[in-house]
Amino acid sequence: VPGDAIARVIGKAGAGLKNIREHSGVKLVVQPDSSEDRSAKRRVDVIGSPMGVGAAIGQMLQSVAYQQLGPVQAAILVPNKSVGMIIGRGGERLKTVRETTGVRILVEREPVNNPTTGEAERTVIMQGEPLAIGNAVSLGLGGGRLGVVLRHGSLPMTGVGAGFVCGGMLPAAGGTRLGGQGTGMLLGAMGAAANEVHPMPDAPDAIQIHLVIPGKLTGAIVGKQGANIQQMASQCGCKLSVTARTSDTNRRVVCIGTFAKVQAAQQLVQSAALMACESSGVDPNSLLTTTAIFWIPKELSGAVIGKQGTTLGTVREQANVRIVFAKEEARDLRPCTISGTLQNILQAETLIFNILLHEHASKGPKRPRALGQEPGDEQRRHPAESTKLLVPARAAGAIIGRQGAGLARLREDNGIKVDMLKQDQAPHWLEDRVVILQGPDRNRQNAAVAILQQTFSPDQTQGMLKLLVTHQEAGAIIGKQGSTLKQIRERSGLSVQVQRDDVMGERLVTSQGPAASLASVLQLLFQAIAGSPPTEP
């Protein structure tokens with residue numbers, strides 16, 4: 001860490017380091033200053049799980065680079081034995097991290113020695129937006145995919161020495177405490193929140209989230225004549241404002257923009273709030289948990305809640321948060337109030353946003369209106385017939401093709417709409433990408449077979465078919481007392497499985513075998529879903 005910034009990281013009487021430890025559950029060691037030059041860089045060792053390491057170093061970056069606009073460059077020293085995992089076979093993992101986060105990454109060839117232990121280390125140079133670099137660190141060290149919740153302590157411990165990087169905040173060891181200023185907002189003052197809902201911009205992927213902050217911190221976050229909040233809005237690229245003062249002791253920062261920018265804004269606001277605690281007389285421990293209100297278009301509320309609340313329950317369990325979905329409406333939006341640590345809230349928001357994306361994708365290439373846009377006189381459209389396939393992430397490039405040529409060819413050859421979701425749009429599928437096909441039944445079937453064939457490498461004889469279906473489609477595939485599924489197995493000569501448990505409201509159908517046999521399975525599955533008895537392929 002630059003010598004002139006280390007004091008901000010450590011904080012008064014070590015309060016800054018204590019805060020980082022409590023939020024991330026990692027061990028921090030600031031190495032002694034052996035130089036007389038006060039501007040010389042200081043080494044900070046961070047030891048913990050991959051997600052914890054990224055989160056902890058991320059808070060340091062937010063302290064060091066606060067009010068700095070644009071990309072930054074960070075130097076991270078990692079154990080030499082971990083470099084192979086970061087790069088991956090043939091550089092595949094490194095490429096995935098770059099594509100997922102947008103961060104430029106360079107792994108230097110020559111090792112250096114840890115000055116304390118003598119252990120060989122490699123320097124990893126990362127350049128990008130501060131909030132993206134932290135995600136790259138977590139992913140590179142094996143912390144799963146973006147948007148995937150990893151419980152504290154669920155991964156092996158690792159350690160790095162770092163310049164500065166960025167990430168989110170994880171719950172302190174021992175689990176999430178649902179207390180502090182967040183809980184008070186969970187069930188109260190919702191009427192005031194509804195009154196502060198803003199009109200949505202005419203953008204299909206725009207969202208609106210309100211982040212709750214203690215009222216005492218409002219001045220520090222807004223700044224003189226709004227300077228601070230304007231700078232944060234410019235840095236993250238979205239619209240920010242603060243709700244009017246009410247009888248409630250808390251205020252809300254209104255964040256409007258694309259999903260990634262709104263998530264970045266929430267982290268910037270939380271960082272500014274933590275830095276302002278001491279001067280504002282606020283206990284920083286009160287920010288260990290907080291509350292965010294995700295305003296959901298009312299017509300999509302059912303998809304988020306799920307049958308008998310199952311989808312919302314899945315989000316609640318995976319993200320380890322408390323969620324209340326209120327019935328009241330404002331500007332055709334319903335409030336989904338999420339309480340927990342900020343990192344867990346961000347994970348819950350990611351899961352919910354993916355549900356919204358999937359729901360929009362099922363409605364065809366043209367969306368009726370933006371998320372939360374004021375309703376007009378546009379014609380309502382019925383959801384188009386669609387098919388969802390899971391393909392191995394390693395095969396995604398071959399399917400997409402150079403500059404999207406592969407997807408374009410699939411569209412032209414089959415006369416349908418073909419989309420492949422980005423990894424962070426479906427983070428619950430760790431090793432796969434979701435391909436969505438929309439169009440006539442026969443055309444979708446032909447395209448699905450073509451995509452399936454592209455997942456096979458030249459020397460590969462056995463492959464895997466993965467099809468996502470609704471509960472109703474799963475019932476049609478299984479048939480009365482399993483009769484239809486039995487026929488599919490007999491006529492294809494392959495084992496076909498329908499998973500009992502759903503994932504985000506969908507069930508997974510799988511089969512393994514040669515390409516030609518899997519194509520036959522696909523045809524039989526399409527017949528079953530259409531309500532026709534399976535016939536010989």
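In which hand, right or left, does α17 pass α20? Keep both helices in view while we work it out. The model is predicted.

Start with where the two helices lie. Helix α17 covers residues 441-454, and helix α20 covers residues 515-530. Their axes come within 10 Å and cross at roughly 155°. An angle over 145 degrees counts as roughly antiparallel. Therefore α17 and α20 are roughly antiparallel to each other. The crossing of α17 past α20 is right-handed. That settles the opening question.

Now look at who touches whom. From α17 come Asp 441, Arg 444, Gln 445, Ala 448, Val 449 and Leu 452. From α20 come Ala 515, Leu 518, Ala 519, Leu 522, Gln 523 and Phe 526. What kinds of residue make this contact of α17 with α20? Eight are nonpolar, two are polar and two are charged.

Helix α13 runs over residues 310-319. Four of its residues, Thr 311, Leu 312, Val 315 and Ala 319, are buried. Around the axis they cover an arc of only 100°, so they sit on the same side of α13. What follows α13? Asn 320 does, and its phi is positive, near 60°.

Positive phi values turn up in two loops as well. Find the loop between α9 (218-222) and α10 (227-236), where Gln 225 lies. Gln 225 is not a glycine, yet its phi is positive, near 55°. Is Gln 225 buried or exposed? Its relative accessible area is 76%, and exposed means over 50%, so Gln 225 is exposed.

Then move along to the loop between α15 (396-400) and α16 (405-414). Gln 403 lies in this loop. Gln 403 also has a positive phi, about 55°, although it is not a glycine. With a relative accessible area of 83%, Gln 403 is exposed.

Finish with a strand. Strand β6 spans residues 120-128, and Thr 123 is found in it. Is Thr 123 buried or exposed? Its relative accessible area is 12%, and buried means under 20%, so Thr 123 is buried. Which residues is Thr 123 in contact with, leaving aside its neighbours within four places in sequence? They are Ala 75, Ile 76, Leu 77, Leu 106, Val 107, Glu 108 and Val 112. Trace these contacts of Thr 123 in the structure above.

Conventions. Residues are numbered from 1 along each chain as its sequence is written. This is a predicted model: local features need pLDDT of at least 70, side-chain atom pairs count only at pLDDT 80 or more; totals for chains, interfaces and linings use all residues. Side-chain values use heavy atoms; hydrogens and water are left out. Buried means under 20% relative accessible area, exposed over 50%, partly exposed in between (1.4 Å probe, protein chains only). The arc is that of the directions from the helix axis to the C-beta atoms. Axes are lines fitted to C-alpha atoms, for helices over the stretch in contact, and angles run from 0 to 180 degrees between N-to-C directions. Angles under 35 degrees count as roughly parallel, over 145 as roughly antiparallel, 65 to 115 as roughly perpendicular and the rest as oblique. A crossing is left-handed if the near helix is turned anticlockwise from the far one by less than a right angle, and right-handed if clockwise. Contact means heavy atoms within 4.5 Å. Ala, Val, Leu, Ile, Met, Phe, Trp, Tyr, Cys and Pro count as nonpolar, Asp, Glu, Lys and Arg as charged, and the others, Gly among them, as polar.
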